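Student: I have not looked at this structure before. Could you take me through the sheet and the aromatic rings?

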Amino acid sequence: MCLASIIIPIYNTMHLPTMAVVEKRPDWSNLPTDLLKPIGKRTRDAVTGLAAFRSVCRAWRAALGPAPRLMLPRAGPSEDALVFPLSHGWCIVVDARDASCRLSHLATGATAALPRLHAVRHAGSDIQAEVPTSQILGRNYLQFTDFFRFAAHVPLGAPPTIMMSHMLLGPWGTGFSFCRPGDAAWTSVNKLFPIYHGYVDLAYHDGKMFGLDSGGQMTVFDAATLHALCIVERPPETPNLANKMYSWCTDKEEFNFVHLVALPSKLVLVRTRVKSSRPVAFDVFQLGPTPDGLAWLKVRDAGNYQLFLDGYHTAFSENNDGGTRIYYVHDIATAGFIHEERRIAPAAYCYSMQDNKLECVYMPPEDIHQCSTKPSWFVP
């Protein structure tokens, strides 16, 4: 759907002199803001449509809020900063040359230095050790972004707490550690509950940190004390649970990915069913109480939100049209993490839970068979 097909019918219904419409081509940049807003909401989708709308001119860009965008972590030898988006516009920016990193708010320019990724220590100990940089960073930039998951608790008037999971930091606890700006090292979180190999997704919500492990179980931590509180079992009816950190099950004909999304009033889990290397279905579960404790409860949708998932990061924005819309970037590793990976070039999909409609909104050119960078949704 092009912008003209949306704008012209609305424009022609305005109470304007007929001669002005017929004899003079409309000056689209001078359309009133109260008209631009409903036009913007009717664009094709939040990725291709809204971006095209905002690119017309300054007046159109100013009429709408920031558009979600797809960032590509840098992968060239002279471009060493990799970006890991968090919620509310925050990001972890990592220098792949020396494992230094910082917390950054790209929209405002606010920044705070964090410890180098290979500086770690046990909980309750002042003894700091340095894991070899090659072990932390991997063999290449493509593998680098596979290893990490981040989450942040940024309270008002208090230092933020940054959580990190790294698949190769197992000897230092669970591969799960935290830091605050000014710390000299990352502190490993004690392993109080049995987990599988490590945490493959992290989220912060309502005073708690959540670590989803490779087997689908989730440990709930108190965000202030980092004490483990309880275990939440994997979502019901979720066989062949895959993850990209360990490349488990991604070579099967059919499997499931899961993503944690911390929304303002709830924590949800999105399950993506993949068949023949393509997403075919999405389900949403909400964390809620049961007589046996916290559990994942299947719900119709996540509310009036647009969710942005890529297998490595999650973000969201409000959906003014109502209902849940999921934007998902899909790429598949064709070899395990022990070996050099080849990946199918990523395609972007949009799924409307209200209409039960799945649409491919971007497909890479046919001559591109593998990607050199990983996509990341960023919502300012």
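**Sheet and rings**

Tutor: Four strands make an open, antiparallel sheet, in the order β2-β3-β4-β5. Strands are DSSP runs of E, at least two residues, numbered from the N terminus; two of them pair if DSSP finds at least two bridges between them. This is a predicted model: local features need pLDDT of at least 70, side-chain atom pairs need 80 or more, and totals for chains, interfaces and linings use all residues. Residues are numbered from 1 along each chain as written, and side-chain values use heavy atoms, without hydrogens or water.

Student: How many aromatic pairs does the count come to?

Tutor: Rings of Phe, Tyr and Trp (its six-membered ring) pair if their centres lie within 6.5 Å; planes under 30 degrees apart are stacked, over 60 edge-to-face, the rest tilted. By this rule the count is twelve.

Student: Why is the pair of Phe308 and Tyr327 stacked, and how many residues apart in sequence are the parts it ties together?

Tutor: The ring centres of Phe308 and Tyr327 are 5.3 Å apart and the planes meet at 10°, so the pair is stacked. Both residues are buried (under 20% relative accessible area; exposed is over 50%, partly exposed in between, with a 1.4 Å probe and protein chains only). Phe308 lies in β20 (residues 305-309) and Tyr327 in β22 (residues 325-330), so the parts tied together are apart in sequence by 19 residues.
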